[in-house]
Amino acid sequence: MSLDVFVNFDGQCRDAVAFYAGVFDTSVASLMTYADNPQTDVVAPQDRDRVLYAAVPVGGHTVMFSDCPYDPTGARYVPGNNIALTFGSADPDEIAEVYGRLADGGQVLMPLGRTFFSEHYAMVRDRFGIIWQLSHAPGDVP
């Protein structure tokens, strides 16, 4: 089981990742742009170089980062509300149980399902406004 942090940006992710790697004297473990996404061949031109996913190890945990897809209205990115907690488990049933509990009285942002990076993934805003990303992580110890 793991609990980590996911931080979103509006086009500044690459700079932020480099900054935080320097602050914590570590390196960027991975970085993928929207153009690198193997799940789709359709990427908006303004999103191609934006960061879809980046990871930086900090203090035994993984801090994950992403740029929101481009939105000229700015509605997808709200500074201060751009952090999500991420829960990973080797047990897909545990993911489903936690998903159901968090969704009760909350808002499903992405229903539980398969993605290119996880067999069981979901995103939920709980009843208190906290965003959670849930992911089956086979390497985690239950």
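Visitor: Which residues form a nonpolar patch on the surface?
Guide: Keep in mind that this is a predicted model. The patch consists of Phe19, Tyr20, Val23 and Phe24, and together they have about 390 Å² of accessible area.

Visitor: Where is phenylalanine 24 found?
Guide: Phenylalanine 24 is in the loop between α1 (13–23) and β2 (30–33). Its relative accessible area is 46%, so it counts as partly exposed.

Visitor: OK, pockets now. What volume does the largest pocket have?
Guide: About 1200 Å³. The lining takes in 46 residues, and Phe6, Asn8, Tyr121, Met123 and Gln133 lie nearest the centre.

Visitor: Which elements give two or more residues to that lining?
Guide: Those are β1 (2–9), β3 (51–58), β4 (61–67), β5 (83–89), β6 (107–113), β7 (121–125) and β8 (131–136). The largest share, six residues, comes from β5.

Visitor: And how do the lining residues divide into nonpolar, polar and charged?
Guide: There are 26 nonpolar, 15 polar and five charged residues in the lining of the largest pocket.

Visitor: Switching to salt bridges. How many does the structure hold?
Guide: Five. One of them joins the side chains of aspartate 47 and arginine 50, at 4.0 Å from N to O.

Visitor: Are aspartate 47 and arginine 50 buried or exposed?
Guide: Aspartate 47 has 8% relative accessibility, so it counts as buried. Arginine 50 is buried too, at 11%.

Visitor: What does glutamate 97 form a salt bridge with?
Guide: With arginine 101, where the closest N and O atoms are 3.7 Å apart. Both residues lie in helix α2, four residues apart, or about one turn of the helix. Glutamate 97 is partly exposed at 44% relative accessibility, while arginine 101 is exposed at 57%.

Visitor: And which residue does aspartate 104 meet in a salt bridge?
Guide: Arginine 127, at 3.7 Å from N to O. Aspartate 104 is in the loop between α2 and β6 and arginine 127 in the loop between β7 and β8, so the pair ties together parts 23 residues apart in sequence.

Terms used: Residues numbered from 1 in each chain as written. Predicted model: local features only at pLDDT ≥ 70, side-chain atom pairs only at ≥ 80, totals over all residues. Heavy atoms only, no water. Patch = residues over 30% accessible without salt bridge, like charges linked within 9 Å, V, L, I, M, F, W, Y side chains within 5 Å. Areas by Shrake-Rupley, 256 points an atom, 1.4 Å probe, with all protein chains shown as cover. Buried < 20%, exposed > 50% of the residue type's maximum accessible area, 1.4 Å probe, protein only. 1 Å grid on protein atoms, 1.4 Å probe; cavity = no way out; pocket = protein on both sides within 12 Å on 5 of 7 lines; lining within 4 Å. Points joined across faces, edges and corners; volume = space filled by probe spheres on them. Nonpolar A, V, L, I, M, F, W, Y, C, P; charged D, E, K, R; others polar.
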